[in-house]
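Hi,

Here is the structure for you to open up. My notes on it follow below.

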Amino acid sequence: MTGTRRPSLPSLGTVLLGLALGVLAPACIDLKPKEGPQIRWINLGDLEPDGSTELAPPEQPRLQIERVEVSDGVTDQLATRRTEFEVTYDELVRWVEPVEDVVLRALEAELFRSRGFLRATTPPRRRLRVSVIAFEETYVPRHEAIVRLGVRLVDPSRDESLLDRIIEGRQSIDGDDPALVAQAMTGALRSVVTELSDLVATR
């Protein structure tokens, strides 16, 4: 009498392999990385003066921009002041150039190319030291761009500080787009460096 052959059961290894493939198969479908939010890089507009400022008098002492520094609160991220006590930083909106480089470029354009001060690196010369205190968008009390500089002008020959003050420029912002913030920041920086050059010319 011929008996019926019982079907063989899969081995333990075969079962485990099947389970592993079943788990990995859906994961393989999602291996392609998803694109995250894109960083928006913004820069200031033309910082060259419009030629409306008066030239420095011929007897004006020679001038050196000794350094431009930034405070710890000024970074490459767009800073937004929400209240008097709160500033937020946007990781997805960043300045193309370091802020200190932008401010230095604006100062050089205004003082040396527009105002006509003589650039100097050796004595006798007056030394200008600038600190960027604020470079931010603000909603306090209204939507504006703010540039705030601490400025010190020193005459080493007389061991005298000729100018030591904080200068601030503001420009209204007409919308929330970062490009509009950059446009307003350009105007605020221009107003600051123009006021600074007026002060330097009278010292």
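**Around Ser131**

Leaving out neighbours within four places in sequence, Ser131 is in contact (heavy atoms within 4.5 Å) with Glu69, Arg148, Leu149 and Gly150. Before you read on: this is a predicted model, where local features need pLDDT of at least 70, side-chain atom pairs count only at pLDDT 80 or more, and totals for chains, interfaces and linings use all residues. Residues are numbered from 1 along each chain as its sequence is written, and side-chain values use heavy atoms, with hydrogens and water left out.

Ser131 belongs to strand β5, residues 126–138 (strands are DSSP runs of E, at least two residues, numbered from the N terminus). Ser131 counts as partly exposed because its relative accessibility is 25% (buried is under 20% relative accessible area, exposed over 50%, partly exposed in between, with a 1.4 Å probe and protein chains only).

On to the rings: the whole structure has one aromatic pair. Trp95 and Phe135 sit edge-to-face, 5.4 Å centre to centre with 70 degrees between the planes (rings of Phe, Tyr and Trp, the last by its six-membered ring, pair if their centres lie within 6.5 Å; planes under 30 degrees apart are stacked, over 60 edge-to-face, the rest tilted). The pair links distant parts of the chain, as Trp95 is in strand β4 (residues 86–95) and Phe135 in β5, 40 residues apart. Both Trp95 and Phe135 are buried.

Cheers

Definitions and conventions:
Helix = DSSP H or I, 4+ residues; strand = E, 2+ residues; numbered from the N terminus.
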